[in-house]
Amino acid sequence: ARAASTPTRSTPGVINGEDMTRVRAVEAWLDKGGPPPQSWEVKTKADVSIGKELARGRSKCVRHGRLGTRKVVVVAVCPVSNSSAFAGHNYKELHAAGEALKRRHHLVEEMYFLEVLRGRPGIPTLRGAFLENGDLSIVVDDCGARITGVDRKRQPIASDAWRAFAKRDPLGAARALLEVF
């Protein structure tokens with residue numbers, strides 16, 4: 001049985017006791033082997049259907065996914081090398097071990113960020129996370145197309161999807177920007 005997803009009431013710019021209680025539940029699960037937070041719908045890999053790769057950066061791999069009929073993305077740490085044994089003593093192995101820890105730390109920070117800001121405007125909902133062979137994956141609502149990009153000169157520009165939305169609903173676009181910032 002899946003936990004019911006209840007929206008979290010929040011005050012923009014204020015981290016309250018309820019927010020910190022959720023973060024402590026995540027910490028207890030991740031660092032102390034406690035049960036996954038009750039609010040999470042995804043607690044194991046079997047809870048989500050994972051599809052094809054959507055994007056790959058330097059530290060994270062993002063895949064399409066489904067949670068029932070809901071579109072989600074599954075974010076995991078990209079492997080550093082072909083070797084999963086980081087117990088060696090040569091420089092390359094020690095560097096790979098340090099890089100793997102940095103990448104995992106980055107994903108853990110993202111998970112805490114999403115949990116503490118749950119319910120805030122512009123923050124995608126963290127649906128849960130799971131560990132597989134010690135590797136962390138987080139599951140977040142799929143928010144659709146990016147709203148920004150960069151031009152040939154590496155300057156920020158609005159995406160075609162955002163420009164189309166702003167043209168179709170200028171007040172809605174303005175409201176969305178104001179709610180986020």
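Ala 76 stands opposite Ser 137 in strand 5, in a predicted model for which local features need pLDDT of at least 70, side-chain atom pairs count only at pLDDT 80 or more, and totals for chains, interfaces and linings use all residues. Residues are numbered from 1 along each chain as its sequence is written, and side-chain values use heavy atoms, with hydrogens and water left out.

Strands (E, at least two residues) and helices (H or I, at least four) are DSSP runs numbered from the N terminus, and two strands are taken to pair if DSSP finds at least two bridges between them. On this basis strand 3 and strand 5 pair in the antiparallel sense over 5 bridges, and Val 74 has Val 139 in strand 5 as its bridge partner. Strand 4 (residues 126-132) is also antiparallel to strand 5, with 6 bridges, and Leu 131 is the bridge partner of Leu 136 in strand 5.

Strand 2 and strand 3 run antiparallel and are joined by 8 bridges; they form a hairpin with 2 residues between them, and Gly 68 in the turn has a positive phi of about 65°. Cys 61 stands opposite Ala 76 in strand 3.

A search of the whole structure finds 1 disulfide, defined as a pair of cysteine sulfur atoms within 2.5 Å. The disulfide joins Cys 61 to Cys 78, with an S to S distance of 2.3 Å. Because Cys 61 lies in strand 2 and Cys 78 in the loop between strand 3 and helix 2, the pair ties together parts that are 17 residues apart in sequence. The torsion about the S-S bond of Cys 61 and Cys 78 is about 135°, so the disulfide is right-handed. Both Cys 61 and Cys 78 are buried, whereas Cys 143, at 57% relative accessibility, counts as exposed.

Key:
Buried means under 20% relative accessible area, exposed over 50%, partly exposed in between (1.4 Å probe, protein chains only).
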